[in-house]
Every structure is written in C-alpha cells, then in structure tokens.
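Let's take a walk through this protein together, with the sequence and the 3D view side by side.

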Amino acid sequence: MRSINATLSITLDGVVQGLGRADEDTRGGFTHGGWGGGYNDEVMGREMGKGMAKPTDMLFGHRTWTDFITAWGNATDGNPFTTHMNAATKYVVSRTLENADAWQNSILLPGEASETVASLKAEPGNDLTIIGSVALVRDLHSAGLVDNYTLLIHPLTLGTGTRLFEGPAPLTEFELTGSVTTTKGVIIAHYTRR
C-alpha cells in the first residue's frame with residue numbers, strides 16, 4: 001500500500017492560498033498572492049530536495065495541476081525541481097477534466113477523490129506526494145487517507161485567504177517526526193498519522 005504525503009506552505013493564521021505569485025490564486029478577492037517568495041533560502045531548498053530524492057508519484061487536484069503546467073510543464077531551465085516535476089508520474093483528480101494530456105506523464109483519475117485515490121493508494125507503487133491542492137487534501141484528510149504532512153509554517157499572518165481547514169475536520173492525531181527552522185524563520189514540520 002502506498003502512503004500519501006501532503007506538503008503545504010501555511011501562514012500562522014492558517015492561510016494556504018496564493019503562495020507563489022500575485023496572480024496565482026485571486027479567488028475571493030485575495031490580494032496577498034506571492035507571500036511566500038521572500039522566505040526561500042538554502043535550508044528550505046535542501047529540505048524540499050530531500051523529498052525529491054525518493055521515488056514518489058505526484059497527486060494533484062485539477063486547479064493546481066493546471067497551474068503547475070504553466071510553472072513547470074514547459075520549463076527547460078535545468079532546475080532539479082523542474083526535472084523532477086516533469087519526469088514524475090502525475091495523477092490528477094478531477095470530476096470535470098476530460099483528459100490529462102496537457103502535461104507529460106499525467107494520468108487522469110476521474111470521479112470522487114476519496115474513492116479514486118483510495119483505490120490508487122491500495123495499489124502497489126511509489127508513495128504519493130501532494131503539493132498544494134488544498135481542496136484535495138481536505139477531501140483526502142476527511143476520508144482518512146493522508147498519512148503524512150510536511151507543513152512549511154511561515155512567520156506571518158494575512159488575515160484573509162483560504163485556510164487549510166475551513167470548517168470542521170475529523171479528529172485526527174499526528175506525531176511530530178522532525179522539524180527544521182530556516183534562516184528566515186520558516187518552521188518545516190513533519191507529521192505522521194498516529
């Protein structure tokens with residue numbers, strides 16, 4: 001059985017929306033896009049690189065997968081993250097997408113996330129990593145399918161924006177299995193489901 005690992009950047013007040021660019025996700029009138037860029041450093045790069053060192057497949061929601069195509073799908077910059085993203089098998093969960101041909105090595109998982117991902121998780125293969133895809137993470141968390149979280153906790157509050165858990169989430173206990181603090185004050189915390 002595969003494990004599912006979710007990696008999310010989050011503010012102190014729980015916001016996960018629009019980390020990378022001003023135009024990344026403006027839903028709900030969100031105006032703080034790009035809040036995470038000033039916090040990147042060598043420590044964060046090294047920690048994220050550890051995740052790329054293991055063979056994993058990627059798991060995306062439709063919206064994040066489409067956004068990542070723009071950022072990574074056509075890039076040829078020699079960045080190891082770009083190389084990793086383009087080479088990885090990418091499963092995209094969607095009720096509306098007709099195919100996953102827009103990005104190499106992508107496979108469409110149509111239907112309800114909790115059902116299609118539960119079936120995929122039960123198959124032999126590489127572990128599955130989710131980057132972003134907050135709605136998908138929420139659905140899978142509610143179904144008891146997320147095994148590990150890596151949270152990059154940024155030292156700021158935004159006051160507005162989509163939060164990791166909006167509304168109730170089922171009682172689930174996790175154990176802190178490791179943490180690193182970057183030179184810019186980001187705490188990278190690794191949690192495993194008990």
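S133 is not a glycine, yet its phi is positive, about 50°. Its relative accessible area is 6%, so S133 is buried, where buried means under 20% relative accessible area, exposed over 50% and partly exposed in between (1.4 Å probe, protein chains only).

A word on what you are looking at: this is a predicted model, in which local features need pLDDT of at least 70 and side-chain atom pairs count only at pLDDT 80 or more, while totals for chains, interfaces and linings use all residues. Residues are numbered from 1 along each chain as its sequence is written, and side-chain values use heavy atoms, with hydrogens and water left out.

Another residue with a positive phi is N105, at a value near 65°, and N105 is not a glycine either. You will find N105 in the loop between β3 and β4. With a relative accessible area of 39%, N105 is partly exposed.

From there, move on to strand β4 (residues 106-110), which includes P110. Leaving aside residues up to four places away in sequence, P110 touches S94 and T116, contact meaning heavy atoms within 4.5 Å. P110 and V137 are 27 residues apart along the chain, and 16 Å separates their C-alpha atoms.

Next, which helix does α4 pack against? Helix α4 (residues 113-122) packs with helix α5 (residues 134-142), at an angle of about 75° and with the axes 9 Å apart. Axes are lines fitted to C-alpha atoms, for helices over the stretch in contact, and angles run from 0 to 180 degrees between N-to-C directions. The two helices, α4 and α5, are therefore roughly perpendicular to each other; angles under 35 degrees count as roughly parallel, over 145 as roughly antiparallel, 65 to 115 as roughly perpendicular and the rest as oblique. On the α4 side the meeting residues are A113, S114 and V117, and on the α5 side L136, D139 and L140. Sorted by class, this contact has four nonpolar, one polar and one charged residues. Here Ala, Val, Leu, Ile, Met, Phe, Trp, Tyr, Cys and Pro count as nonpolar, Asp, Glu, Lys and Arg as charged, and the others, Gly among them, as polar.

Now turn to helix α3 (residues 80-87), where T82, H84, M85 and N86 are buried. Their cover includes α1 (42-53), β2 (56-61), α2 (62-73) and β3 (90-94).

S3 has 18% relative accessibility and so counts as buried. Beyond residues up to four places away in sequence, S3 touches K121, D127, L128, D147 and N148.

Finally, step back to the whole protein. How many helices and strands does the protein have? There are five helices and eight strands, and from the N terminus on they run β-α-β-α-α-β-β-α-β-α-β-β-β. Of the 194 residues, 43% count as buried. Among contacts with a separation of 6 or more, 69% come from residues 24 or more positions apart. The C-alpha atoms fill a box of roughly 40 × 40 × 35 Å, taken along the principal axes.

Key
Helices (H or I, at least four residues) and strands (E, at least two) are DSSP runs, numbered from the N terminus.
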